[in-house]
Amino acid sequence: MLTRTIAALAAVATLAGTAGVAQAQDYTLRATANSNENDEDYDGLVVFKNYVEQASNGAIEVELFIGTQLCSNGTECLQGVADGSIDIFVTTSGGAAGIFPYVQVFDLPYLMRSDRVAEAVLTDTDFTRTLRDLALRDSGNAIRIMTIGNTGGWRNFANTQRPVQTPEDLDGLKIRTVVADLPQELVSTLGASPTPIPWPELFTSLQTGVVEGSKNGITDIMNMKFPDAGLKYLTLDGHAYMAAIWVMNNDTFLSMPEEMRRVVVNGFKELQQATFASPKRKSISAYEEFAAAGGEVYVPSPDEKQAFQDAVQPVYDWFGSNVDEGEQVLQSLRDAVAQVEEDIDADIAADIQ
């Protein structure tokens with residue numbers, strides 16, 4: 001919860017456009033992530049804390065709660081943000097889908113071709129602001145999306161049974177999903193059997209055959225030691241960008257003076273950049289460890305990748321028809337992707353001459 005202590009000063013300093021003007025007020029922001037210190041979310045929070053506390057000249061203190069000290073799941077944590085007991089929280093699209101179903105747009109497959117495209121969409125377009133406006137509306141102006149970063153790279157299909165080179169290779173496999181509707185629809189469309197399993201139970205579920213596969217990035221796979229549970233085959237189809245949606249209590253944010261809000265906004269930009277970079281670096285050693293543990297990595301050919309893309313077309317129609325604001329949000333993302341792809345392709349063309 002945001003706490004404000006008004007210092008005993010005779011007068012409030014005249015605003016001068018520097019961080020020091022807020023020294024008459026102290027702010028404590030409680031930030032939590034249901035992860036651990038090996039996670040990209042933690043890397044981002046450390047950068048955020050360091051930047052905000054320095055740039056505010058000590059006027060803002062950021063307290064970090066990593067794990068489940070303040071709340072144990074997305075729904076509970078988002079409720080904490082809404083009621084003000086938590087100031088900052090990071091959620092995945094699956095964790096927020098029950099409240100903001102349209103954020104499942106990040107689980108729609110094969111919409112963004114690379115990190116460069118995804119990062120440009122999230123930094124150089126208004127797509128995040130579109131989601132912010134919807135989330136504010138649907139939370140009664142309680143929950144504000146501050147930025148969207150990354151948490152684990154890209155989702156890929158991994159399993160314990162066999163190499164997956166085509167959509168048909170997924171047929172019949174029991175694939176772990178979150179409870180959200182869209183990931184289950186995607187898995188079903190590809191002929192596999194979606195099986196919702198809580199994240200902490202996935203290791204045992206793989207080990208015992210309750211599920212035979214998952215949709216994860218390599219850093220999550222190795223952080224959780226899934227090869228020890230039998231996970232052996234990884235297909236780098238990159239079907240979904242693992243977006244990390246950072247939210248803040250809106251009243252907390254708006255109660256701060258403008259110069260402190262600017263510090264917080266810039267802090268989230270620093271956090272975002274840290275989470276973009278962290279999975280790239282960590283994935284290098286993670287792939288090496290996966291291979292050393294007996295894991296096999298398969299990279300689909302362009303034709304095989306196209307076969308996956310063709311197979312999932314019904315999922316887009318399902319999203320537009322069954323998710324509130326689905327058509328609007330999907331079109332907004334597609335427009336943003338088209339915009340940045342055009343810019344990126346033009347830059348590449350200029351740079352290779």
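**Close-up views of a predicted model**

**View 1. A network of salt bridges links Arg113, Glu341 and Asp345.** The model shown here and in the views below is predicted. A search of the whole structure finds 11 salt bridges.

**View 2. Arg137 takes part in salt bridges with Asp138 and with Glu325.** Between the side chains of Arg137 and Asp138, the N to O distance is 2.7 Å. Between Arg137 and Glu325, the N to O distance is 3.0 Å. The pair of Arg137 and Glu325 links distant parts of the chain, the two residues being 188 residues apart. Arg137 lies in helix H5 (residues 127-138), whereas Glu325 lies in the loop between helix H12 (313-322) and H13. Arg137 has a relative accessible area of 46%, so Arg137 is partly exposed. Asp138 is partly exposed because its relative accessibility is 35%. Glu325, at 26% relative accessibility, also counts as partly exposed.

**View 3. Within helix H10, the side chains of Glu258 and Arg262 form a salt bridge.** The N to O distance of this pair is 3.1 Å. Helix H10 covers residues 258-292 and holds both Glu258 and Arg262. Glu258 and Arg262 are four residues apart, about one turn of the helix. Arg262 has a relative accessible area of 47% and is therefore partly exposed.

**View 4. A patch of negative charge on the surface gathers Asp124, Glu342, Asp343, Asp347 and Asp351.** Helix H13 (residues 326-351) gives the largest share of this patch, with four residues. One of the patch residues is Glu342, which is placed in helix H13. Is Glu342 buried or exposed? Glu342 is exposed, because its relative accessible area is 58% and the cut-off for exposed is over 50%.

**View 5. Cys71 and Cys77 form a disulfide.** A disulfide is a covalent bond between the sulfur atoms of two cysteines. The sulfur atoms of Cys71 and Cys77 are 1.9 Å apart. How many disulfides does a search of the whole structure find? The search finds one disulfide. The torsion about the S-S bond of Cys71 and Cys77 is about 105°, which means that the disulfide is right-handed. Cys71 has a relative accessibility of 2%, so Cys71 counts as buried. Cys77 also counts as buried, because its relative accessibility is 0%.

**View 6. Gly320 is placed in helix H12.** Gly320 has a relative accessibility of 16% and therefore counts as buried. What is the C-alpha to C-alpha distance in space between Gly320 and Tyr287? The distance is 36 Å, C-alpha to C-alpha. In sequence, Gly320 and Tyr287 are 33 residues apart.

Key:
Residues numbered from 1 in each chain as written. Predicted model: local features only at pLDDT ≥ 70, side-chain atom pairs only at ≥ 80, totals over all residues. Heavy atoms only, no water. Patch = residues over 30% accessible without salt bridge, like charges linked within 9 Å, V, L, I, M, F, W, Y side chains within 5 Å. Areas by Shrake-Rupley, 256 points an atom, 1.4 Å probe, with all protein chains shown as cover. Salt bridge = Lys/Arg side-chain N within 4 Å of Asp/Glu carboxyl O. Lys, Arg positive; Asp, Glu negative; His and termini not counted. Charge placed at Lys NZ, Arg CZ, Asp CG, Glu CD. Buried < 20%, exposed > 50% of the residue type's maximum accessible area, 1.4 Å probe, protein only. Disulfide = S-S within 2.5 Å.
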